[in-house]
Amino acid sequence: MLKITRNTFDEVMIPCYKPFNCLIVKGKGSYLFDSNGNKYVDFTGGIAVNSLGHCNKGVQKVIKKQIKKLIHASNIFTNISTLTLAVKLTKHTDFSKVFFVNSGAEANEAALKLARRVAFNLYGENKNEIISFGHSFHGRTLFSVSVGGQDKYSDGFGPKPGAITHLPFNDIETFKQHVSDKTCAVILEPIQGEGGIIEANPDFLKTVRDLCTSHNALLILDEVQTGVGRCGTFYAYQDTDIIPDILTSAKGLAAGIPIGSVMTSDEIAKHFSPGTHGSTFGGNPLACAVGTYVVNTISDKAFLNNVKAKGIILKHSLEELKDKYGIFKEIRGKGLLLGAVLNEDLQDKAGEIQQICAKYGLFILTAGHGVLRFAPALNIKNKTIKEGVNLLDKALADFTKV
Ligand SMILES: *Cc1c(COP(=O)(O)O)cnc(C)c1O
């Protein structure tokens with residue numbers, strides 16, 4: 001028998017990651033179990049992916065049913081599963097057309113290509129500038145990572161794609177001064193996730209929306225992390241005063257099966273005519289069947305209200321820990337996408353705290369080096385939130401002891 005341990009990772013994997021020092025063998029609801037029989041409360045939710053928890057019974061049932069019918073056929077055919085999810089997404093949003101891919105980066109890649117193509121078709125090749133914002137994260141393909149606002153992820157892979165401008169997030173004046181008729185698209189996250197749980201100000205969003213419209217630039221909202229119920233509404237933009245021209249989604253959309261989507265209007269969609277863009281796996285019937293189950297479950301008002309309620313419970317608990325330990329300057333975020341921002345003098349300690357949490361049986365995320373990030377399953381039980389917070393309490397007591 002092949003013996004697999006945590007060390008096997010270092011032996012055979014390209015070292016893009018430095019995973020926790022354990023081997024995960026099982027997940028159930030909001031718990032994970034490792035090969036030594038240790039149980040962990042999971043506040044990571046597979047990085048905002050396991051929207052319905054680990055090994056959800058409903059998800060399992062849909063998968064079993066779909067694999068007996070059709071797993072993959074490719075986009076030279078269409079099928080009921082793909083079209084059903086597309087119809088559901090258009091029903092619950094302001095968009096009328098959908099394109100499916102397999103990840104967040106691919107969704108943004110497609111959205112950015114679409115925006116460039118629209119501008120090219122309507123205004124010619126000089127209208128090509130893409131504006132994005134500092135601290136933003138849009139994925140790891142060369143285009144999406146270059147558009148993202150964190151140089152540490154895109155440096156060293158040059159030459160980078162051109163005509164990309166990074167501006168400071170939430171800075172209305174700078175944006176006003178810079179945006180022009182050369183701008184073809186503006187891309188932003190309604191709440192920056194990887195960048196530190198930084199919410200876009202309503203006034204900033206409104207200004208960006210208005211100036212995009214007056215300059216014939218498309219507004220792309222990257223809801224890869226904030227979407228599918230994560231922030232307490234089906235998509236986060238639905239809790240703002242703006243509607244983007246293109247919306248990208250992925251992560252939680254199929255509860256752990258790889259999927260991504262791009263949504264837009266008829267007017268914009270027609271610029272992706274047959275042959276202009278594509279994906280072999282995009283719209284995979286299995287992923288879309290699960291996506292439909294997730295959308296049916298999460299779009300329910302009562303479910304979304306529960307996400308809000310759970311988010312408030314977790315946020316209050318984190319605020320109590322903020323008062324108790326005095327190491328956080330702010331608890332921020334919305335729904336079940338929350339961040340605990342470490343004090344100025346502790347801005348490099350997020351990773352250390354994350355490791356201590358794991359020792360106590362709690363998995364959390366970080367956002368940069370200075371923010372603890374929480375993105376548990378959207379259906380996490382209130383008592384599991386409490387259990388996780390108690391473990392975090394112990395870990396913070398350990399971290400702050402002299
Ligand atoms: C995770 C994330 C991405 C990238 O998604 P992948 O599936 O890893 O390609 C893009 N944008 C945002 C906002 C994300 O959080």
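Trainee: How is the protein divided into domains?

Mentor: There are two: domain 1 covers 6-56 + 301-400, and domain 2 covers 58-298. The bounds come from an automatic or database domain assignment. This is a predicted model, in which local features need pLDDT of at least 70 and side-chain atom pairs count only at pLDDT 80 or more, while totals for chains, interfaces and linings use all residues. Residues are numbered from 1 along each chain as its sequence is written, and side-chain values use heavy atoms, with hydrogens and water left out.

Trainee: What makes residues of domain 1 and domain 2 count as in contact, and how many are there?

Mentor: Contact means heavy atoms within 4.5 Å. By that rule 27 residues of domain 1 are in contact with 28 residues of domain 2.

Trainee: What is the area buried between domain 1 and domain 2?

Mentor: About 2400 Å², with carbon and sulfur atoms giving 58%. Buried area is the accessible area (1.4 Å probe) that two parts lose on being put together, summed over both. On the domain 1 side, Asn 56, Lys 334 and Leu 337 lose the most area to domain 2, together 26% of what that side buries.

Trainee: Why is the pair Lys 334 and Asp 239 called a salt bridge?

Mentor: The term requires a side-chain nitrogen of Lys or Arg within 4 Å of a carboxyl oxygen of Asp or Glu. In this pair the closest N and O atoms are 3.0 Å apart, so the pair qualifies. Across the interface of domain 1 and domain 2 the rule finds three salt bridges.
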